There are 2 protein chains.
Amino acid sequence: MQILTTVAELRAWRAQAGHVAFVPTMGNLHSGHIALCHEARNRATQKAGKVIASIFVNPIQFGPNEDLSKYPRTFDADCEKLQTAGVDAVFHPGVEELYPYGPQQYFVEPPELQNRLCGEFRPGHFRGVATVVTKLFNLVQPDVAIFGKKDYQQLKVIEGMVRDLNMPVEIVGIDTERADDGLALSSRNGYLTDAERAEAPQLRRTLEGIRSAVQQGERDYASLCERACAELDARGWKTDYIRITNRMDLQAATVDDRALVVLAASQLGRARLIDNLEIDA
Amino acid sequence: MQILTTVAELRAWRAQAGHVAFVPTMGNLHSGHIALCHEARNRATQKAGKVIASIFVNPIQFGPNEDLSKYPRTFDADCEKLQTAGVDAVFHPGVEELYPYGPQQYFVEPPELQNRLCGEFRPGHFRGVATVVTKLFNLVQPDVAIFGKKDYQQLKVIEGMVRDLNMPVEIVGIDTERADDGLALSSRNGYLTDAERAEAPQLRRTLEGIRSAVQQGERDYASLCERACAELDARGWKTDYIRITNRMDLQAATVDDRALVVLAASQLGRARLIDNLEIDA
């Protein structure tokens with residue numbers, strides 16, 4: 001597996017690579033990332049192409065009070081996992097390689113979706129994501145890029161951006177990988193104490209409870225989510241939101257919508273956990 | 001010369017084209033555009049590649065009170081000129097082909113440079129330019145794109161955007177083509193009456209006067225521009241601005257700057273004319 005740290009190395013690799021499948025990550029890889037790599041490997045192999053992953057902890061998607069400096073960096077272990085998953089190259093630039101002129105000046109600005117759900121609690125986050133993904137797409141020039149559905153709103157922002165800006169890349173969303181007890185895999189699970197880790201699957205169970213209620217005909221989505229939120233918080237969580245939206249543009253679901261998703265973000269100890277569940281009402 | 005009107009046709013053409021040089025235009029072509037095409041032809045031929053021009057009057061770079069609906073459309077004459085200039089293909093999409101989902105949702109947002117000079121008088125203009133050029137770049141995927149220095153601020157915005165977002169395209173700026181009397185060629189010259197057309201070269205002469213004064217040591221740039229502005233307006237112009245800036249980021253020039261440009265925008269009758277002149281102080 002080739003390790004590329006500069007834009008020049010990446011451009012040279014790209015010129016020889018043919019069809020390219022791309023998995024952008026912030027490192028600290030777990031089985032969720034590796035599932036993305038397997039999908040990329042399958043798609044690249046079908047076109048006699050290559051798989052590249054990126055590992056870059058992107059400063060412009062972290063808020064001033066977020067965990068940028070503490071975000072876990074585990075590059076050597078990550079490379080072993082990527083190699084085992086059949087990844088051909090990893091792009092691992094330093095911050096100064098992607099932002100050589102100092103602060104980013106030109107941003108890809110998503111629509112108001114960026115200010116709802118997680119965006120309400122992380123101002124500028126999705127603008128930072130859209131901008132760095134645009135930069136990475138322009139550098140890697142992938143034919144296909146793989147993202148996890150765990151970051152559902154992020155996936156929607158990227159799908160919308162690619163469609164709206166005519167980016168020549170296919171976006172594929174992959175189901176969330178979970179621990180045996182149902183907890184969605186996430187780098188931030190590493191922030192949990194043992195007791196918190198035992199409590200953490202409650203977020204998924206809460207979403208499952210909401211799904212059951214909706215499937216049994218409950219249509220007062222606001223009250224349903226409010227009760228679920230109160231129950232979580234009574235167990236020691238600090239919930240940012242639980243909301244039922246349509247799957248298309250993540251607007252609040254109406255009683256006529258059938259393709260739904262329930263999304264949640266809640267703080268447990270030091271970890272802000274997110275999860276979601278698609279619901280066919 | 002191939003005429004491509006859909007994204008699908010363009011993508012199919014691109015897949016076969018090899019090295020591509022691109023000239024984006026809004027049509028109503030004059031010798032200034034053709035000079036861009038000649039540069040594109042030379043660069044493409046060196047790489048055994050193809051030249052493509054686009055003709056698209058982009059609604060999102062026009063303000064609500066601007067001349068979008070009146071902007072001259074002369075497609076057949078444009079195609080003859082492009083063919084004669086050795087252009088291989090023209091991309092001429094309808095508005096619904098580039099904006100099929102209704103209003104654009106994701107924008108490329110330039111930094112504060114977009115709000116100065118012409119941006120002060122055309123709010124949203126450079127955001128619209130940056131966004132449509134991004135869309136066209138993602139569609140055409142050119143190796144090199146040619147722009148005129150007549151739209152100096154636009155060229156700076158595009159150069160900055162390409163650098164900052166790591167777009168894989170080389171930007172080339174070409175000197176302004178002028179009529180024999182010095183008037184910069186522009187589609188909007190067509191709005192001038194005969195009397196206005198006779199007066200129009202005064203804009204260029206004003207900029208030349210400023211250049212002479214700077215080269216003779218004048219360093220009170222603000223007063224110099226203010227006097228020039230008053231003189232133009234006394235002749236019946238309505239001047240938006242005349243400013244001396246550095247050539248790098250178009251910030252107001254200091255007495256220490258050597259690589260300068262003087263830029264002007266002024267209304268003469270129905271036409272808002274712009275021009276600029278580089279000055280080595």
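## A tour of the contact between chains A and B

Start with both chains shown: 28 residues of chain B are in contact with 28 residues of chain A. What you see is a predicted model.

**The surface between the chains.** Keep both chains on screen and display the surface where they meet. About 2600 Å² is buried between chain B and chain A, with 54% of it on carbon and sulfur atoms. Now select Tyr106(B), Asp164(B) and Asn166(B): in chain B these lose the most area to chain A, together 31% of what that side buries.

**Elements on the chain B side.** Next, colour three elements of chain B: β5 (107–109), α6 (125–140) and α7 (152–164). Each of them supplies at least two residues of the side that touches chain A. Colour the side of chain B that touches chain A by class, and you will find 14 nonpolar, eight polar and six charged residues.

**Contacts across the boundary.** Which polar links join the two chains? Between chain B and chain A there are 18 residue pairs in polar contact, counting pairs with both residues at pLDDT 80 or more. The count of salt bridges between chain B and chain A is zero.

**The paired strands.** Select residues 107–109 in chain A, which form strand β5, together with β5(B). The two strands run antiparallel and are joined by three bridges. Within this pairing, Val108(A) stands opposite Val108(B).

**The axis.** Stay on Val108(B): of the residues of chain B, this one comes closest to the rotation axis, at 2.3 Å for its C-alpha. Turning chain B by 180 degrees, with 0.0 Å of shift along the axis, superposes it on chain A with an RMSD of 0.0 Å. This is the relation of a two-fold axis. The copies meet through the same surface, because 100% of the interface residues of chain B are also interface residues in chain A.

**A salt bridge in chain A.** Over all chains, the whole structure holds 38 salt bridges. For one of them, select Arg41(A) and Asp88(A), whose side chains meet at 2.9 Å, N to O. Arg41(A) is in helix α2 (residues 31–46) of chain A, and Asp88(A) is in the loop between α3 (75–84) and β4 (89–91) of chain A, so the pair ties together parts that are 47 residues apart in sequence. Side chains of opposite charge can pair when their charged atoms come close.

Key. Residues are numbered from 1 along each chain as its sequence is written. Chains are lettered from A and ligands numbered from 1 in the order in which they are written. This is a predicted model: local features need pLDDT of at least 70, side-chain atom pairs count only at pLDDT 80 or more; totals for chains, interfaces and linings use all residues. Side-chain values use heavy atoms; hydrogens and water are left out. Contact means heavy atoms within 4.5 Å. Buried area is the accessible area (1.4 Å probe) that two parts lose on being put together, summed over both. A salt bridge is a side-chain nitrogen of Lys or Arg within 4 Å of a carboxyl oxygen of Asp or Glu. A polar contact is a pair of N or O atoms within 3.5 Å; within protein, one must be able to donate a hydrogen and the other to accept it, and residues adjacent in sequence count only if both atoms are side-chain atoms. Helices (H or I, at least four residues) and strands (E, at least two) are DSSP runs, numbered from the N terminus. Ala, Val, Leu, Ile, Met, Phe, Trp, Tyr, Cys and Pro count as nonpolar, Asp, Glu, Lys and Arg as charged, and the others, Gly among them, as polar. Two strands pair if DSSP finds at least two bridges between them. Copies are superposed by least squares on the C-alpha atoms of residues with pLDDT of at least 70 in both.
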